[in-house]
Amino acid sequence: MNIPYSRHTLENGLDVLVHEDHGCPIVAVNLWYHVGSKNETSGRTGFAHLFEHLMFEGSQHYDKGYFQPLQEAGALLNGSTNADRTNYWEVVPTNALELALWMESDRMGYLLPALTDAKFENQREVVLNERRQNYENRPYGFAGMALMAALYPSDHPYSWMTIGAAEDIRAARLDDVRAFFQTYYRPRNASLALAGDVDTERAIDLAASYFGELDAGDTPPAVQATAPPPNTTERRLLLEDRVELPRLYIVWHSPSMFGEEDAELDLVAEVLASGKTSRLYRSLVYDDRMATEIAASQNSRELCGYFQVVATAAPGRTLTELDRAIREAIATFVDEGPSGREIERCQAQAEANFVYRLQTVGGFGGKSDQLNAYNVFIGDPGFFERDLDRYRRVTAASMQRVARDRLAPERRVLLSVVPRGRRDLALAGSEPVAVS
Amino acid sequence: MQIDRGRLPALGADPQLRFPEIQRRTLANGLRVWTIQHEAVPLVSFLAMLPVGASADPQDRPGLAAITSDMLDEGCGDLDAMELHDALGRIGGHLDSEIGSDATILTISSLARYADRASGLLADMITRPRLDATDFHRVRELRLNRLIQLRDLAPALADRAFARLLYGEHPYGHMPLGTEPSLQAITLDEVSRFHRTMFVPSRMLVIAAGDATHDALAAAVEGVFGSWRPLAEASQLDRSTWPLPPAVQERLALLHRPGAAQSELRIGHVGVPRRTPDYHALIVLNIILGGQFVSRINMNLREKKGYTYGARTSFDVRRGVGPFVLQAGVQLEATADAVKEAIGELEAIRGERPVTREELLLGRAALTRGYPRNFETGEQIARGAAQLALYDLPEDYFSTFVPTVLSLTEADVTRAAVTYIHPERLLTVIVGDRDKVGPALETLGPSVLHIA
């Protein structure tokens with residue numbers, strides 16, 4: 001099982017990856033820039049994402065907005081920014097491939113001449129609206145910010161969220177945009193994947209024609225970040241929010257993306273809290289009913305990861321009860337490891353999830369996006385099969401060992417999110433934190 | 001190859017899409033089986049569609065249809081809930097269950113080699129759910145807790161208030177989740193009766209799509225649904241007895257949420273059913289007005305004014321008269337102006353700024369050229385096919401879509417705006433902080449109704 005592809009690197013350093021799939025008359029154009037919020041500095045947060053917005057406002061040779069010609073051609077398009085990368089994609093009918101390449105290459109090469117104060121001011125407002133909608137006006141919306149700030153030292157680039165601080169977004173200047181573009185939006189810092197109803201040779205020719213003329217640029221500066229010091233004593237925090245039910249977040253430092261023990265922790269999360277048969281769902285929601293919902297995940301990123309368990313208390317139940325039950329479930333897992341049935345089930349599910357990922361050529365998580373992820377993070381677009389192997393190699397013993405080494409109680413950061421004015425509902429000894 | 005940055009490249013001829021063949025058969029018990037071969041990846045999906053949704057809730061039991069469908073995966077046949085989900089996990093299965101106003105749809109996807117197991121689990125859930133008391137009490141409690149949590153979610157509050165004020169006692173006036181008093185009152189007997197009388201083979205359509213032949217897909221369905229017999233006489237689903245939604249004038253309602261970070265808006269009125277002959281004109285109208293990024297309303301409220309992260313409109317067409325609605329989260333201080341601008345756009349497209357030639361071409365092209373995207377995965381195709389059945393659309397619906405849209409003129413679309421958008425009947429719901437948005441609202445016209 002894999003995603004067959006051809007790779008061609010242009011002279012300016014842009015990687016072009018092509019995957020043919022003629023099942024549907026559409027082509028996915030997917031462009032990654034290896035820049036995200038971890039390339040920002042403290043006090044200047046939210047900038048990579050704000051910049052992403054400006055990429056949709058027109059470029060020198062087509063300055064009437066990015067969406068119009070593409071939507072008229074039947075395209076679906078979007079972009080997103082996270083800590084490690086920014087991606088842009090179009091899914092177009094076969095006959096609009098060249099249009100999409102024209103548009104993507106124009107904004108890679110010629111964004112700045114079309115950039116104005118008015119566009120900048122407008123998108124800064126839009127981003128502040130996005131922050132209100134997705135964080136400030138949403139229950140538990142500040143929890144991620146509180147956790148990241150607690151998990152990493154304040155100069156570590158994972159200590160802020162990609163959306164950034166509102167005051168930093170307000171303080172951003174047009175000059176910062178120019179410098180950012182010239183540093184990071186360069187062919188050598190990008191990877192272009194084309195997947196779908198396309199001929200490989202023609203796709204590479206077109207990509208070379210449209211992107212080949214652009215300057216390679218300098219290699220962007222490396223991210224300056226030292227490994228966060230491990231937590232050696234448990235930390236307890238509390239946040240008051242407009243919520244009805246208290247919620248407990250439990251977080252540990254964990255391995256980076258594709259790193260040693262990353263796959264094990266994915267499957268530990270699966271056994272703990274994915275679906276009704278998972279241990280925590282069964283004990284906290286199904287049997288005891290102390291929680292209304294439960295989730296666990298290994299969140300792996302380029303520099304390092306974090307493992308998280310989240311549980312919301314049922315009315316009348318306490319976070320102290322949830323904490324104890326979760327601690328006991330993890331301790332039992334560490335003592336006994338997964339059962340044969342559990343490991344068979346979670347490996348079957350993991351393998352199926354790889355197959356599900358082969359269904360679409362474009363969009364977030366489609367085949368073009370995966371080729372770029374593997375290329376940008378590992379330098380090997382063909383990593384699909386080896387990625388799957390990471391999960392096939394996991395054993396009951398390795399899951400047990402990793403859970404023991406990584407999920408120790410004294411290394412936890414615990415965040416209680418409680419209704420305003422109800423600090424008494426937080427875990428005992430929790431320190432209030434301020435987030436806005 | 002020489003490139004020209006002086007102009008955008010021409011598109012050339014639109015690619016031809018070959019529509020997937022749907023083979024249709026009916027089992028002896030009346031259950032319809034549609035099959036779609038889709039070999040791209042070794043997966044298979046089974047989708048069961050019952051045209052019974054939240055609008056079939058008894059007047060005094062909002063939430064009954066949804067809690068019934070929620071009980072189906074709490075154990076069925078020989079399996080309790082844990083065994084069922086263990087079995088699903090072992091075939092790499094994904095179970096998805098959704099309940100809308102008019103339909104309940106359950107889908108299981110799995111690796112193709114486990115097709116028979118997947119269809120077997122789906123059939124057991126639908127035909128032999130256990131409906132045990134312990135499970136029922138837990139599921140009800142979880143749904144009550146969900147209602148509690150929704151009190152903090154502005155979009156959910158806005159949707160609920162909008163539906164209630166727009167539809168009143170009409171079956172579209174409540175959320176599928178129901179209300180606290182109703183959930184408290186629902187008994188397991190009622191759930192069991194709802195299941196027996198609503199889930200009958202003659203009403204059910206099962207669509208099998210994926211990496212197998214038509215015959216193999218059909219056999220996987222027939223083998224497990226073929227022996228299903230109705231457990232009781234089916235209760236009637238007679239939409240002709242539905243009350244009319246209340247006839248109303250322009251209204252403005254404010255739900256106070258102290259300290260809200262923005263105002264959540266819903267603006268709209270009762271619309272038309274899916275089977276309106278003007279459906280294609282309505283979707284072209286919508287894509288021009290508020291259905292995609294470059295639509296008038298998003299360009300105005302987001303790109304020009306900077307009031308919102310995004311604003312959109314939709315004709316939420318259903319079997320009955322679904323709503324037409326504009327939605328956006330907007331800055332508190334700009335709330336009144338955002339409402340004024342939004343309503344201004346609704347008026348302008350049927351008056352002073354009718355649909356232009358450029359807009360028509362853009363809207364038609366976006367819909368028709370983008371159409372092939374809907375046929376990429378087996379599950380997508382199955383979902384599209386389920387819509388044909390739910391709304392009694394003709395068998396050639398997919399292949400006539402593009403020519404029908406392309407035949408529309410500016411006049412057709414402007415006429416649709418005049419006919420189907422009614423500024424004099426608009427209901428505006430605002431969920432926001434009264435103290436931040438209050439005084440300016442008085443300038444909008446209708447008096448402000450404060451709701452809880």
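Helices here are DSSP runs of H or I with at least four residues, and strands are DSSP runs of E with at least two, both numbered from the N terminus. This is a predicted model: local features need pLDDT of at least 70, side-chain atom pairs count only at pLDDT 80 or more, and totals for chains, interfaces and linings use all residues. Residues are numbered from 1 along each chain as its sequence is written, while chains are lettered from A and ligands numbered from 1 in the order in which they are written.

**Stop 1: chain A, whole**

Select chain A. Its secondary structure comes to 15 helices and 12 strands. The radius of gyration is 23 Å, close to the 22 Å of the globule rule for 436 residues, so chain A is as compact as a globular protein of that length. That radius is taken over C-alpha atoms, and the rule is 2.2 Å times the number of residues to the power 0.38. Along its principal axes, the C-alpha trace of chain A spans about 60 × 50 × 40 Å.

Now colour by burial. A residue is buried if 20 or more other C-beta atoms lie within 10 Å of its own, exposed if 12 or fewer, and partly exposed in between, with C-beta atoms placed from the backbone. In chain A, 54% of the 436 residues are buried.

**Stop 2: the six-stranded sheet**

Stay in chain A. Find the open sheet of six strands, in the order β1-β2-β6-β3-β5-β4, with mixed pairing. Its edges are β1 (6–9) and β4 (76–81) of chain A, each pairing on one side only. Two strands pair if DSSP finds at least two bridges between them. Neighbouring strands are turned by 15° against each other on average, direction ignored.

**Stop 3: β3 against β6**

Select residues 26–33 and 190–196 of chain A. These are β3 and β6, which run antiparallel and are joined by seven bridges. What stands opposite A:Y33? It is A:A190, in β6(A).

**Stop 4: the helix on the sheet**

Axes are lines fitted to C-alpha atoms, for helices over the stretch in contact, and angles run from 0 to 180 degrees between N-to-C directions.

**Stop 5: chain B**

Switch to chain B. It has 16 helices and 14 strands. Its C-alpha trace spans about 65 × 65 × 40 Å along the principal axes. Buried residues make up 50% of its 452 residues.
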